[in-house]
Amino acid sequence: TGIGKTIGTLFPALKAMAKPLASGGQLEKLLFLTAKTPGRQIALDALHKLQSASRNTPLRVLELVARDKACEHPDKACHGDSCPLAKGFYDRLAEAREEAASIGLLDKSGLRTIALRHQICPYYLGQEMARWSDVIVGDYNHYFDLNAMLYGLTLNEGWRVGILLDEAHNLIDRARQMYTAELRQANFDHVRAHVPHALKKRFQSTSRRWNALTKIQSNDYQVYDHLPEKFIYSLQELNIAIADYFGEHPTELESDLQSFYFDLLHFLKLAELFGSHSLFDITLGGSQATLCLRNVVPANMLRERWKAAHSATIFSATLSPPEYFKEMLGLPENTVALEVPSPFGTDQLQVQLSKNISTRYADRQRSLGSVAELIAHQYLRQPGNYLAFFSSFDYLQSALDHFQIRHPEVPTWQQERGMSETAREGFLARFTDNSRGIGFAVLGGAFGEGIDLPGARLIGAFIATLGMPQINPVNEQFRLRIEALLGHGYDYTYMIPGIQKVIQAAGRVIRTSEDRGVLFLMDDRFARAEVARLLPSWWQINLAARPKDSRGSPPNGPINVVEHSESSVPPCPMKL
């Protein structure tokens with residue numbers, strides 16, 4: 001993390017676009033795909049630097065955003081009888097496109113300004129400009145989704161595209177989301193109660209099929225080996241009926257019905273693609289049920305996407321072990337894996353393992369005192385800005401409450417559920433070169449990766465969890481299915497995804513060659529060999545001393561800890 005992967009991949013890819021390929025022709029498009037909004041901005045900043053450094057090189061850069069974020073009239077349908085920006089779109093498109101093409105770097109704001117100046121839709125102007133751009137920066141969905149525009153254009157136009165996949169460790173979960181579909185009976189019943197008369201009979205028929213399907217299920221959660229053919233057929237008939245209704249009433253916009261229709265289309269599409277890489281399960285909640293087609297191993301769905309690209313470079317600070325990503329993402333057999341040595345030295349990051357603390361669910365309440373005192377001990381010894389990561393919002397709140405009672409003098413702030421973009425910016429704004437305090441955050445959340453706090457803005461992090469997914473019926477089914485398909489069920493379901501989050505969060509501390517900081521791993525399981533082998537090879541892990549609380553005695557918590565003075569820390573045997 002923080003070594004310049006973005007510009008380090010963009011620069012050679014742009015050079016390659018200017019040269020003929022060995023197979024004939026040239027690389028025509030570069031797709032820089034990210035998992036989160038901050039990743040897009042980092043890519044745009046890097047491209048702006050490259051453009052500024054080479055003013056004589058013509059380069060058109062486009063930022064694509066999701067439809068719901070670009071839409072100016074979300075309450076209207078996308079046709080001229082409803083939306084003013086759709087009416088006469090093609091009459092005004094040519095002038096808008098000409099102006100947009102004159103801009104070297106067309107980000108979301110610039111695209112919107114031009115679109116509204118010409119009174120056309122910013123979202124559809126962005127789609128049009130994709131044909132005229134050299135580099136397109138956007139979300140994973142624009143290429144990997146079932147109905148992805150960039151993938152469709154690549155096939156239809158015969159483009160030679162190069163893919164740069166940022167923070168590629170996120171693609172497994174994101175692909176699972178793209179290739180997962182859910183139908184909630186509560187939502188279905190709500191829509192059924194308000195549908196136009198022409199659709200009532202078809203909805204009632206499907207409702208009877210749905211009730212019959214779940215009536216015989218005795219468990220709250222159950223996985224089925226096969227899809228229920230009669231019920232799927234009923235859904236297909238319902239889908240046709242809704243499509244016909246919309247075709248006959250193009251000016252009517254019933255948002256709940258339209259939203260259900262899109263969910264139904266997605267479900268039926270994935271039903272056609274159902275196989276061993278997915279699960280079909282039903283979860284009962286009272287008298288209603290939720291049907292879910294869950295993707296477990298995205299490889300089968302992604303292979304065609306890789307095949308359509310001329311080349312793909314996927315990069316991240318956490319792509320280890322490479323075999324895990326090759327198998328889960330369906331990467332081609334000729335994929336080359338390269339591990340770049342870290343430019344950071346062991347003297348820059350002091351990694352301390354608190355072996356006396358257990359963050360297992362059963363031990364959390366008992367170890368809150370140990371967690372609070374360790375954080376306070378480090379802060380009082382070296383005041384500055386820190387991040388403390390926990391496995392869930394509930395655990396975060398318990399730890400924060402405990403800490404504030406014991407140490408009210410230490411400034412703290414916390415990540416909240418469902419924070420807006422403005423709220424997230426406010427959280428990060430607390431980390432300044434002159435501030436002091438501790439930000440409490442959730443591991444794997446908005447502040448666990450993709451944020452840059454160099455120098456005094458962040459001098460340390462505490463990680464009170466291994467980050468492993470919760471053991472529940474769904475995850476256990478994932479483990480069993482992965483074990484059957486690939487082996488390594490436990491590692492692929494729990495261990496590797498958890499440790500990736502840990503490494504990403506730890507990577508917030510050291511961002512430049514001048515940075516110095518400290519990292520506390522607060523869980524005895526970090527000492528296990530199967531965990532240590534997944535941690536960065538440049539970390540030198542030492543056992544942390546057990547701090548005393550304000551009464552002068554060790555806080556409550558598990559015992560059997562090896563204590564030492566900081567001046568006599570031997571290298572940990574787990575050093576990789």
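**View 1. Helix H5 against helix H6.** The axes of helix H5 (residues 108–117) and helix H6 (residues 122–129) come within 9 Å and cross at roughly 110°. H5 is therefore roughly perpendicular to H6 (angles of 65 to 115 degrees; under 35 is roughly parallel, over 145 roughly antiparallel, and the rest oblique). Axes are lines fitted to C-alpha atoms, for helices over the stretch in contact, with angles from 0 to 180 degrees between N-to-C directions. Helices are DSSP runs (H or I, at least four residues), numbered from the N terminus. This is a predicted model: local features need pLDDT of at least 70, side-chain atom pairs count only at pLDDT 80 or more, and totals for chains, interfaces and linings use all residues. Residues are numbered from 1 along each chain as its sequence is written, and side-chain values use heavy atoms, with hydrogens and water left out.

**View 2. Residues between H5 and H6.** From H5, Leu111, Arg112, Ile114, Ala115 and Leu116 meet Pro122, Leu125, Gly126 and Met129 of H6 (contact: heavy atoms within 4.5 Å). By class, this contact of H5 with H6 has 7 nonpolar, 1 polar and 1 charged residues. Ala, Val, Leu, Ile, Met, Phe, Trp, Tyr, Cys and Pro count as nonpolar, Asp, Glu, Lys and Arg as charged, and the others, Gly among them, as polar.

**View 3. Helix H4 against helix H6.** Helix H4 (residues 89–101) packs on H6 at an angle of about 60°, with the axes 10 Å apart. H4 is therefore oblique to H6. Phe89, Leu93, Ala96, Arg97, Ala100 and Ala101 of H4 make the contact with Tyr124, Leu125, Glu128 and Met129 of H6. The contact of H4 with H6 divides into 8 nonpolar, no polar and 2 charged residues.

**View 4. The Phe203 and Phe260 pair.** The whole structure holds 28 aromatic pairs (Phe, Tyr or Trp rings, the six-membered one for Trp, with centres within 6.5 Å). Phe203 and Phe260 have ring centres 5.9 Å apart and planes at 45°, so the pair is tilted (stacked is under 30 degrees, edge-to-face over 60, tilted the rest). Phe203 lies in helix H11 (residues 197–215) and Phe260 in helix H13 (residues 255–272), 57 residues apart. Phe203 is buried at 0% relative accessibility, and Phe260 is buried at 2% (buried is under 20% relative accessible area, exposed over 50%, partly exposed in between; 1.4 Å probe, protein chains only). Phe188, Phe203, Trp210, Phe231 and Phe260 form one aromatic cluster.

Terms used. Helix = DSSP H or I, 4+ residues; strand = E, 2+ residues; numbered from the N terminus.
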